[in-house]
Amino acid sequence: LTSSMLIKRNVAFPNDERDLYRYRNKIGLYYNWISETWNQSERDRHTFAGFTPEQVGKPDYFGVDCMVNADMLNYLALKKNQPPELCEYINEVIDKKLYPQCTFYYRSPYVFFAAIAGGVKNNGTQCLEPALPKIRQELISTARGDGTWSSNAFNNIMAVRALLFMDYRGDALNRAIDKIIESQMEDGGW
């Protein structure tokens, strides 16, 4: 994420792609960590999170994190590179609804949805455009009547962000924005 922000602000920094490529599995998906030691137990961490290889799609999807790969694709797209293996993986995660089991740390799909929709809108990840109608439909169909998706304000804000990135306009979004504004506390927090 830091490298993406530096690129967007035209800040020069050493090319880090070669270093990042070292932390991929055999089909080119990125591990969570930029560490030889930590990545050796990536499969163990996925198991520890309570998942089995059958729950994450293809065997090579076990031990990698979909959010990390979405972030990497967003970064690489800024450098005019959209590795097909990342595009295929993320589109399949959306198509087969392999979330939230595709990530250890983001236990709700809304951050993932916002990363994908934001990447298409702001970073040029055109290879993820097929996922957008599915994300939009998932968000609209799971929106609660009170303008929320979750009891967690951050999740609701990320769902709204995803819809805004997709230029969605409609009742679900209007109710959600009203709910977010209504639930803000005096100190500015939620």
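This is a predicted model: local features need pLDDT of at least 70, side-chain atom pairs count only at pLDDT 80 or more; totals for chains, interfaces and linings use all residues.

Visitor: How many disulfides does the count come to?

Guide: A disulfide is a covalent bond between the sulfur atoms of two cysteines. The rule applied here asks for a pair of cysteine sulfur atoms within 2.5 Å. By this rule, the count comes to two disulfides. Counted along the chain, the bonded cysteines follow the pattern 1-3, 2-4.

Visitor: Which parts of the chain does the pair Cys 66 and Cys 102 link?

Guide: The sulfur atoms of Cys 66 and Cys 102 are 2.0 Å apart. Cys 66 is in helix H5, and Cys 102 is in the loop between helix H6 (84-95) and H7, so that distant parts of the chain, 36 residues apart, are linked. Helices are DSSP runs (H or I, at least four residues), numbered from the N terminus. The link of Cys 66 and Cys 102 is right-handed, with 50° about the S-S bond.

Visitor: And which cysteine does a disulfide join to Cys 87?

Guide: Cys 87 is joined to Cys 127, with an S to S distance of 2.1 Å. Because Cys 87 lies in helix H6 and Cys 127 in the loop between H7 and helix H8 (132-142), the pair ties together parts that are 40 residues apart in sequence. The torsion about the S-S bond of Cys 87 and Cys 127 is about -75°, so this disulfide is left-handed.

Visitor: Is Cys 127 buried or partly exposed?

Guide: The terms rest on relative accessible area: buried means under 20%, exposed over 50%, and partly exposed in between (1.4 Å probe, protein chains only). Cys 127 is partly exposed, with a relative accessible area of 21%.

Visitor: Which residues have the most contacts inside the largest nonpolar core?

Guide: In soluble globular proteins, nonpolar side chains tend to be buried together. A nonpolar core is a set of buried Ala, Val, Leu, Ile, Met, Phe, Trp, Tyr and Cys residues joined through side-chain atoms within 4.5 Å. The largest one here has 48 residues, and those with the most contacts inside it are Tyr 89, Phe 112, Phe 113, Ile 116 and Leu 139. The elements giving two or more residues to this core are H5, H6, H7, H8, H9 and H10. H7 gives the most, with nine residues.

Visitor: With which residues is Leu 139 in contact?

Guide: Contact means heavy atoms within 4.5 Å. Leaving aside neighbours within four places in sequence, the residues in contact with Leu 139 include Tyr 110, Phe 113, Trp 149 and Met 166.

Visitor: Where is the place of Asn 74, and what does Asn 74 touch?

Guide: Asn 74 is placed in helix H5 and is buried, with a relative accessible area of 8%. Not counting residues up to four places away in sequence, Asn 74 touches Ser 4, Ala 115, Gly 119, Asn 123 and Thr 125.

Visitor: Which residues lie nearest the centre of the largest pocket?

Guide: On a 1 Å grid over the protein atoms alone, a pocket is an open set of points where a 1.4 Å probe fits, with protein on both sides within 12 Å along at least five of seven lines; lining residues have an atom within 4 Å of a point. The largest pocket is lined by 20 residues, and Leu 1, Asn 32, Val 68, Asp 71 and Met 72 lie nearest its centre. H5 supplies the largest share of this lining, five residues.

Visitor: Which helix supplies the largest share of the lining of the second largest pocket?

Guide: That share, seven residues, comes from H7. The second largest pocket is lined by 19 residues, and those nearest its centre are Leu 1, Asn 74, Ala 114, Ala 115 and Arg 161.

Notes:
Residues are numbered from 1 along each chain as its sequence is written. Side-chain values use heavy atoms; hydrogens and water are left out.
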